[in-house]
Amino acid sequence: MLRRKKGATIVELLISTIILVMACMGIGALISHAARGWSSGTSSDYATTTATLALQKLCCDIRDARSAAVTSGTLTVTFPNKLVDQGTGEVIYDSSTNSTTTRSYYLLNGKLMRYVGGATSVFADRISSATFGASGGTVNVTLTADEHVGTSTSQQQVTGRISLRNFRS
């Protein structure tokens, strides 16, 4: 009678290798899918954050304005001059005079730009579109931001309405 030797046959090794390769391919596909999902979610979150922060920064920058107008996609905001209260050191706006300061905001090559007193600066980056509207003492702003993370690019839009504190008609 023949005795069977201990160990694996070539067929058993081939089958176990095929099973191992299939398991590795499944795990690789799962990791790839998870990375794409993370990339998509993160780029969307970053785009929303970029647009929201730019809108909040713009709101803080123009809310003390007296008036606003939009011409050819450029938002021009006029502020009353600032005064310093000698007793408290508090900075206030002098609405009794017609002397004003002007700031302009416009989009240039994916950047929201601010022009004040002859100097231009980048106000917000990675903004693909900016739409302004002004009516009475209210400024409507819609900003769209683009973000690229990993293999995903997302575009998110935020809209806000800013009331001008020192508005007078």
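**View 1. Helix H1 and its span in the predicted model.** The expected span of a helix is 1.5 Å times one less than its number of residues. In this predicted model, helix H1 covers residues 10–62, and because its 53 residues should span 78 Å at 1.5 Å a residue, the distance of 78 Å between its end C-alpha atoms agrees with that expectation. Among the buried residues of H1 are Ser-39, Thr-42, Ser-43 and Ala-47, and also Leu-55, Leu-58, Asp-61 and Ile-62.

**View 2. The open sheet of strands E8, E9 and E10.** Three strands form an open sheet in the order E8-E9-E10, and their pairing is antiparallel. Strand E8 (127–135) and strand E10 (152–163) stand at the edges, and because each has a single partner strand, one side of each is left without a neighbour in the sheet. On average, neighbouring strands of this sheet are turned by 10° against each other, direction ignored. Strand E9 (residues 138–149) runs antiparallel to E10 and is joined to it by 12 bridges, and Thr-142 has Thr-159 in E10 as its bridge partner.

**View 3. Helix H1 lying across the sheet strands.** Helix H1 lies across E8, E9 and E10, and runs at about 25° to E10.

View 4. Gly-133 belongs to strand E8; its relative accessible area is 23%, and so Gly-133 counts as partly exposed, since a buried residue would have to be under 20%. Leaving aside neighbours within four places in sequence, Gly-133 is in contact with Val-70, Thr-138, Val-139 and Asn-140. The C-alpha atoms of Gly-133 and Ala-68 are separated by 8.8 Å, although these two residues are 65 residues apart along the chain.

Conventions:
Residues are numbered from 1 along each chain as its sequence is written. This is a predicted model: local features need pLDDT of at least 70, side-chain atom pairs count only at pLDDT 80 or more; totals for chains, interfaces and linings use all residues. Side-chain values use heavy atoms; hydrogens and water are left out. Helices (H or I, at least four residues) and strands (E, at least two) are DSSP runs, numbered from the N terminus. Buried means under 20% relative accessible area, exposed over 50%, partly exposed in between (1.4 Å probe, protein chains only). Two strands pair if DSSP finds at least two bridges between them. Axes are lines fitted to C-alpha atoms, for helices over the stretch in contact, and angles run from 0 to 180 degrees between N-to-C directions. Contact means heavy atoms within 4.5 Å.
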